[in-house]
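Welcome! Have a look at the structure first, then try each task before reading on.

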Amino acid sequence: MSDLIDTYVSALATDDADAALAALSADAIFHSPFNIWRRRHVSCVFHARTSAFSNLLIKSVIRGHDRAVILWHATVNDAQVEGAELVSVRDGAICRVDVFLRPAAALDAVHQAMVAAWPSYE
């Protein structure tokens with residue numbers, strides 16, 4: 001699990017949506033403050049977030065048996081955002097990512113930036 005989490009964390013830190021997606025299972029779920037994304041939509045989420053978030057800096061990674069918590073902060077437009085991702089692993093792949101964001105005042109900016117960055121092929 002450690003290599004898988006390292007790959008995922010590195011992908012987040014370098015805005016590499018494709019590398020992050022390669023660590024996910026085909027049926028992975030992405031649960032955000034705005035929606036629960038499944039299947040083909042997960043790819044859209046990861047590609048949009050690389051455009052919407054800038055200066056993403058990993059602060060800490062806490063690992064457990066089949067889960068990890070990744071703490072980070074980033075900028076969305078002019079808003080400072082703190083994030084926590086609970087990453088669940090099953091059968092050698094990430095099967096679920098739950099994202100928590102704060103402060104609440106930044107959620108509107110995040111939502112607007114994600115909508116603006118959503119891939120047009122969707």
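**Exercise 1. Find the residue that stands opposite Glu 82, and follow the strands around it.**

Step 1. Glu 82 stands opposite Arg 102 in E6. Before going on, note that this is a predicted model, in which local features need pLDDT of at least 70 and side-chain atom pairs count only at pLDDT 80 or more, while totals for chains, interfaces and linings use all residues. Residues are numbered from 1 along each chain as its sequence is written, and side-chain values use heavy atoms, with hydrogens and water left out.

Step 2. Strand E5 and strand E6 (residues 93-102) pair in the antiparallel sense over 9 bridges. Strands (E, at least two residues) and helices (H or I, at least four) are DSSP runs, numbered from the N terminus; two strands pair if DSSP finds at least two bridges between them.

Step 3. The hairpin of E5 and E6 has 2 residues between the strands, and Asp 91 takes a positive phi near 55 degrees there.

**Exercise 2. Work out how E4 is joined to E5.**

Step 1. E4 and strand E5 (residues 79-90) run antiparallel and are joined by 10 bridges.

Step 2. Across this pair, Ile 70 stands opposite Glu 85 in E5.

Step 3. With 2 residues between the strands, the hairpin of E4 and E5 has Asn 77 at a positive phi near 55 degrees.

**Exercise 3. Decide whether Thr 75 is buried or exposed, and list what it touches.**

Step 1. Locate Thr 75 in strand E4 (residues 67-76).

Step 2. Thr 75 counts as buried because its relative accessibility is 12%; buried means under 20% relative accessible area, exposed over 50%, and partly exposed in between (1.4 Å probe, protein chains only).

Step 3. Leaving aside residues up to four places away in sequence, Thr 75 touches Ala 52, Phe 53, Ser 54, Asn 55 and Gln 80, where contact means heavy atoms within 4.5 Å.

Step 4. With Gln 80, the side chain of Thr 75 makes a side-chain polar contact (3.2 Å). A polar contact is a pair of N or O atoms within 3.5 Å; within protein, one must be able to donate a hydrogen and the other to accept it, and residues adjacent in sequence count only if both atoms are side-chain atoms.

**Exercise 4. Describe the whole protein chain.**

Step 1. Count the elements: there are 4 helices and 6 strands.

Step 2. Along the sequence, the pattern is α-α-β-β-α-β-β-β-β-α.

Step 3. Of the 122 residues, 43% count as buried.
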